[in-house]
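Please open the model in your viewer and keep the sequence beside it, so that each selection can be followed in both. The tour goes from one stop to the next.

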Amino acid sequence: MNDNRYVNESIKCSVKSCVHQNSERGYCSLDAITVGTHEPHPTKCQCVDCESFRPAQLKGKKGCKTAP
Ligand code: SF4
């Protein structure tokens, strides 16, 4: 179970639909995240993803690409 009362002040995040986000403080609660791309040759901001994102509706299940 994720405890997002703790925040990692090195990882600011505004993605409120992620179970790891602390919306009150605007930080991620994980110790580390994985950043990656879904493109073979990323050239734009939207090519880059937080692969540790876990949608709220999947609470208790694995994140999109990696754990945590
Ligand atoms: S896992 Fe990624 S999307 Fe989720 S709160 Fe942390 S930084 Fe934001």
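Strands, as the word is used on this tour, are DSSP runs of E with at least two residues, numbered from the N terminus. Keep in mind throughout that this is a predicted model.

Begin by colouring the protein chain by pLDDT, whose mean over the chain is 87, with 79% of the residues reaching 70 or more. Among the elements of the chain, strand β1, residues 8-12, has the highest mean pLDDT at 97, while strand β2, residues 21-22, has the lowest at 94. Where pLDDT is low, the predicted coordinates should not be read in detail.

Next, select the three strands together, which form an open sheet in the order β1-β3-β2 with antiparallel pairing. The edges of this sheet are β1 and β2, each of which pairs on one side only. Now look at β1 beside strand β3, residues 27-28, where two bridges join the antiparallel pair; if you pick K12, you will find that its bridge partner in β3 is Y27.

From there, move to the loop between β2 and β3 and select E24. Is E24 buried or exposed? E24 counts as exposed because it has 9 C-beta neighbours inside 10 Å, and 12 or fewer is the cut-off for that class.

Finally, select the ligand, whose surroundings include C13, C18, H20, Q21, C28 and C50. The residues of this shell divide into nine nonpolar and three polar, with no charged residue.

Terms used
Residues are numbered from 1 along each chain as its sequence is written. This is a predicted model: local features need pLDDT of at least 70, side-chain atom pairs count only at pLDDT 80 or more; totals for chains, interfaces and linings use all residues. A residue is near a molecule or strand if its C-beta atom, placed from the backbone, lies within 6 Å of it. Ala, Val, Leu, Ile, Met, Phe, Trp, Tyr, Cys and Pro count as nonpolar, Asp, Glu, Lys and Arg as charged, and the others, Gly among them, as polar. pLDDT is the predictor's confidence in each residue, from 0 to 100. Helices (H or I, at least four residues) and strands (E, at least two) are DSSP runs, numbered from the N terminus. Two strands pair if DSSP finds at least two bridges between them. A residue is buried if 20 or more other C-beta atoms lie within 10 Å of its own, exposed if 12 or fewer, and partly exposed in between; C-beta atoms are placed from the backbone.
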